[in-house]
Amino acid sequence: MSYINFKGTVKKINLKSSEETEITISIPASELDGQYNTLQSMLELKVIGGLDSQIVTYKVLKNARTGKPITKYTVDDGGVVSVAKPEGEQLSMDLGLPPEKVEVKADPEQIDLEVIQDFILSGLAPRFDDMQYDFLEITERLAGGDTYLKIAADIGMGVGVFVVMVDEYRKRVAPMAAKWDEWRKGQVNTVPPKDEEPVNSQQEEQQNDDQPEEQEGANTDSFEQAGESESKDDNKPEDDSTPDTDTDSEPVINNEELEEYILKVRPNFDDIPLDFPTLLHQRRKEGKTWMQIAKSIGLTSGQITTKWTAYKKMVVKQMKNGGAA
């Protein structure tokens, strides 16, 4: 039996007749790398498949007057997302007044499915009393290539009901995943704040040695294979558009400069066993996502992100020290 797996974009839907619908899907060449011959062998053959949208649309309840979300979220240093008590409700409790009646509207919001998957795979997504299935395992299996049909059959559920359940869970955790995504994007900042005094490399190392737990210990995560604790980061590169305008501070290293250095110098560190220069080449030159790369080497996207974050920090330190690790 032939099988291929890919991500693409639905370009056209043509209802040719009451019995036939033609769907045109545009697939990046990198998605068919190593699979083109298999796809070609399927020409004119009957196939079975499904389309899983990579964008999740969910509803956000907002104050109709102010346009602000009714429910707000906070993230602690460990990445745990919690519901913040509404300001109006807290004020009413403090003053002993009845809660203010607020006119509510539901606005649609969109988020990349990959962000939700990363949030679930991080182990920080919540469980719900009315949804007792292991969505971490389900997400891991989907990311690993298992189909909805196979997983549904394994848990004794109709595939239609199973798909609706997974979609509902994703929508419930979507606003928390969005807040968590903002948090993880702020974990690695290679640009020093302008209001701080310049710190040379030797002073910076001394400060890090003096206060390891305060600066690093709060934002760590367990990495299953290496057993290390490191800061979390996102799967996407940081914004490299910040200009170097503060000539008195340390040189600013933007993301583009950092990645070019990695590809050219190919630094490696004993504490990080992964060959990130090669993996970065796959991402930039072959168009692969971190999730695809993680899958190919037997890791989750959360695991490879943790190692990538730590690796970039060590490379930045090496660059600021003139090439010395």
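Contact is taken here to mean heavy atoms within 4.5 Å. The structure is a predicted model, in which local features need pLDDT of at least 70 and side-chain atom pairs count only at pLDDT 80 or more, while totals for chains, interfaces and linings use all residues. Residues are numbered from 1 along each chain as its sequence is written, and side-chain values use heavy atoms, with hydrogens and water left out.

The protein chain holds 12 helices and eight strands, these elements being DSSP runs numbered from the N terminus (helices, H or I, of at least four residues; strands, E, of at least two). Of its 325 residues, 31% are buried, where buried means under 20% relative accessible area, exposed over 50% and partly exposed in between, with a 1.4 Å probe and protein chains only. The accessible surface of the chain comes to about 20400 Å², and carbon and sulfur atoms contribute 49% of that area; accessible areas come from the Shrake-Rupley method with a 1.4 Å probe, and for residues only the protein chains shown count as cover. Among contacts in the chain with a separation of 6 or more, 66% are accounted for by residues 24 or more positions apart.

The largest nonpolar core contains 31 residues, of which I111, I116, F119, I138, F162 and Y169 touch the most other members; such a core is a set of buried Ala, Val, Leu, Ile, Met, Phe, Trp, Tyr and Cys residues joined through side-chain atoms within 4.5 Å. Two or more residues of this core are given by each of strand 3, helix 3 (113-121), helix 4, helix 5 (148-154) and helix 6, and the largest share, 10 residues, comes from helix 6. A second, separate core of 19 residues includes F269, I293, Y311 and V316.

Helix 6 also takes part in two helix pairs. The axes of helix 3 and helix 6 come within 8 Å and cross at roughly 85°, axes being lines fitted to C-alpha atoms, for helices over the stretch in contact, with angles that run from 0 to 180 degrees between N-to-C directions. Helix 3 and helix 6 are therefore roughly perpendicular to each other, on a scale where angles under 35 degrees count as roughly parallel, over 145 as roughly antiparallel, 65 to 115 as roughly perpendicular and the rest as oblique. On the side of helix 3 the contact is made by L113, V115, I116, Q117, D118, F119 and I120, and on the side of helix 6 by Y169, R170, V173, A174, M176, A177, W180, D181 and R184. The residues of this contact divide into 11 nonpolar, one polar and four charged, with Ala, Val, Leu, Ile, Met, Phe, Trp, Tyr, Cys and Pro counted as nonpolar, Asp, Glu, Lys and Arg as charged, and the others, Gly among them, as polar. Q117, placed in helix 3, counts as buried at 10% relative accessibility; leaving aside its neighbours within four places in sequence, Q117 is in contact with T139, R170 and M291.

For helix 4 (residues 135-143) and helix 6 (residues 159-185), the axes come within 12 Å and cross at roughly 110°, which makes helix 4 roughly perpendicular to helix 6. Here F135, I138 and L142 of helix 4 meet F162, M165, V166, Y169 and R170 of helix 6, and the residues of the contact divide into seven nonpolar, no polar and one charged. Beyond its neighbours within four places in sequence, I138 is in contact with Y133, I151, F162, M165 and V166.

Backbone geometry was examined next. Most residues other than glycine have a negative phi. E44, although not a glycine, has a positive phi of about 70°; E44 lies in the loop between helix 1 (36-41) and strand 3 (55-63) and is exposed, with a relative accessible area of 77%. R266, likewise not a glycine, has a positive phi of about 55° and lies in the loop between helix 9 (255-265) and helix 10 (276-285), where R266 is partly exposed at a relative accessible area of 38%.

Helix 10 is followed by G287, whose phi is positive, near 75°. K288 lies in the loop between helix 10 and helix 11 (290-296) and counts as partly exposed at 24% relative accessibility. Apart from its neighbours within four places in sequence, K288 is in contact with Q282, R283 and I293, and the C-alpha atoms of K288 and D33, 255 residues apart along the chain, are separated by 10.0 Å.
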